[in-house]
Amino acid sequence: MDSVLSLNNITKFYGKIRALNDVSFEVPQGSVFGILGPNGSGKTTLLSIILDVLKANNGNYLWFGHPGSPSQRKKIGSLLETPNFYHYLSGINNLKITQSISGRGTAKDIDDVLKKVRLFERRKSRFSSFSLGMKQRLAIAAALLGDPEVLVLDEPTNGLDPVGIAEIRQLIIELRNSGHTIVMASHLLDEVEKVCTHAAILRTGELLTTGEVEEILIDDDVVELSAPDLNAVANLLQQLNENVVIDNKLNVVHITFPKGTARLDEINSFCFRNGITLNHLVLRKKRLEARFFELTNN
Amino acid sequence: MNLLRTEWLKIKKYIAFWLVIITTALSYPGVSWIFRQGYKNLGQRKDGGAQVLKMLLGDPFSLPEAWHTLAYSSSLFVFIPAVVIIMFISNEYSYKTHRQNIIDGWSRDQFMLAKMLNVMVVSLMVTLLYTLVTLIIGLTNGPNANPNLNKWSQSYYIGLFALQTFSQLSIAFFIGFLVKKAFLSLGIFLFYFLILENVLVGLGTYYKISGYKYLPIEISDRMIPPPAFWGRIDKDNYLKELSEINSHVIYTIILTAFIWLLCFGINKKRDL
């Protein structure tokens, strides 16, 4: 799979503070690439560098195999940090400026994206009169203008209500299904887990891990099982593996194996041979949230 | 053209911009008209003092002398269009659209070039206004006492006025570009333009320190010396000032080019 974006040893200092340290990864074409990290981990700094808003102190990045340039940025729909528009202009006039600079889209496309983000009725209202959610939707409309192949979205659901969040999530899934590449920074793990195919996790400027979301999620095999007597089954399973925990809330036992080594059929027959009949047996993926907390030591 | 088109989209519905432009459009002819009326009233007075003063002033509002007189009086009001220039750049910072323009696909040099074009366009608008006001006042004021003088002989002041306006508006832009905050930039520019540099020039003149001629505003102010009647009061100094116009044209071009090179250089290197 070709890379849309390659980051090579990106390092950025703010004075003496190192915001990014030697960050390298590749964004495959057609992927939805989530950049995850707690506040201050360097997500927005990273996106700002690849959009030429900030200068890296070291390292470089390539868009489509070439160093970043204005002509490449014109082909990328971007939303960085906060919606940046002229407060005294209307929504539609702000998009005309986006269109004039980027060359993306036509007058009709402006109407279409405004309809897509449900701002068409308010297109002639001044930007300063918009609510936070409307401003965010206008920024998303600007990014979508002209249907760019690549989108860079920094916290795209910021300020949106639950309906708006669900709509944007659905929009990203539709874009993914139609072959768009999306680079998305978010601290909403649920959002990333639901829409991203790939992810990179940052902590205080360090890249902790990167790869397909499935790979990042599955670090250990966690087998969840249940039987009428939880204590009996837990004692029995300790003969197989020391990592056995009873979850009294869910009324289940969790047993953790190294990645790829859990054999559900063997566990089931071992319990049965020892007189215990299981009524629940499943291999659980570790949720991204748990994995994220593990990696970032939070 | 795309840069100008985009800048036009930014300002065409910006009410504050048009209010300042209207203020400028009213103030330039207004002030010139007040000076001219004062001069006219003086001519109608029959007392000896007024007649002596009129003799001293000559025909400052008749062509070709009006080109010089009105270039000088109009140049005192550059601070009005400077408000627009400072608003242009500080708006970009307060709305963070200076970043968005780059994200959307302008290079940093294109962004700065668009801003330079803005300053040029406003300078041209102001120069056009000065030219029209001078023509109207000059043509309605009656012929010069000396009919042999060519009405256009001093029209080179149009060029000098344009360069002076561009240079001084570039200084206003530079302050806005560095400071980023509209009110603070305006405060600094107005304090320097109206007070500080005048004090420094006054001190320089009093203590005969010639360095004051090279202060940022004074450099271009000296391209348009006080009107010709000044020569009847202090002839030697007036002739000296006239002889220095050409060198101050060169200094002004160098200073203005340096300001813009600095703006382009800083914008290219700094984080947005």
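Student: What separation is found between the centres of domain 2 of chain A and domain 3 of chain A?

Tutor: Taken over C-alpha atoms, the centres of domain 2 and domain 3 of chain A are separated by 51 Å. Chain A is divided into domain 1 (1-75 + 150-214), domain 2 (88-148) and domain 3 (218-296), with bounds that come from an automatic or database domain assignment. This is a predicted model, in which local features need pLDDT of at least 70 and side-chain atom pairs count only at pLDDT 80 or more, while totals for chains, interfaces and linings use all residues. Residues are numbered from 1 along each chain as its sequence is written, and chains are lettered from A and ligands numbered from 1 in the order in which they are written.

Student: Why does Asn9(A) count as partly exposed?

Tutor: A residue is buried if 20 or more other C-beta atoms, placed from the backbone, lie within 10 Å of its own, exposed if 12 or fewer, and partly exposed in between. Asn9(A) has 14 C-beta neighbours inside 10 Å, so it is partly exposed. Asn9(A) is found in strand E1 (residues 3-14) of chain A, where strands are DSSP runs (E, at least two residues) and helices are runs of H or I (at least four), numbered from the N terminus. Its phi is near 50°, a positive value in a residue other than glycine.

Student: What makes Glu81(A) partly exposed?

Tutor: Glu81(A) has 17 other C-beta atoms within 10 Å, and is therefore partly exposed. Glu81(A) is found in the loop between strand E6 (76-79) and helix H3 (91-102) of chain A. Although not a glycine, Glu81(A) has a positive phi of about 60°.

Student: Why is Gly159(B) called partly exposed?

Tutor: Gly159(B) has 13 C-beta neighbours inside 10 Å, so it counts as partly exposed. Its place is in helix H8 (residues 156-179) of chain B.

Student: What makes a set of residues a nonpolar core?

Tutor: A nonpolar core is a set of buried Ala, Val, Leu, Ile, Met, Phe, Trp, Tyr and Cys residues joined through C-beta atoms within 7 Å. The largest one has 77 residues, of which Ala141(A), Ile182(A), Met184(A) and Ala199(A) touch the most other members. Helix H5 (residues 132-144) of chain A gives the most to this core, with eight residues.

Student: How is the expected span of helix H2 (residues 15-44) of chain B compared with its reach?

Tutor: The expected span is 1.5 Å times one less than the number of residues. H2(B) has 30 residues and reaches 43 Å from its first C-alpha to its last, close to the 44 Å expected. Within H2(B), Thr24(B), Tyr28(B), Ser32(B) and Arg36(B) are buried.

Student: How many residues does the contact take from chain B and from chain A?

Tutor: Two residues are in contact if their C-beta atoms, placed from the backbone, lie within 7 Å. The contact takes 21 residues from chain B and 24 residues from chain A. On the side of chain B that touches chain A, six residues, the largest share, come from H6(B).
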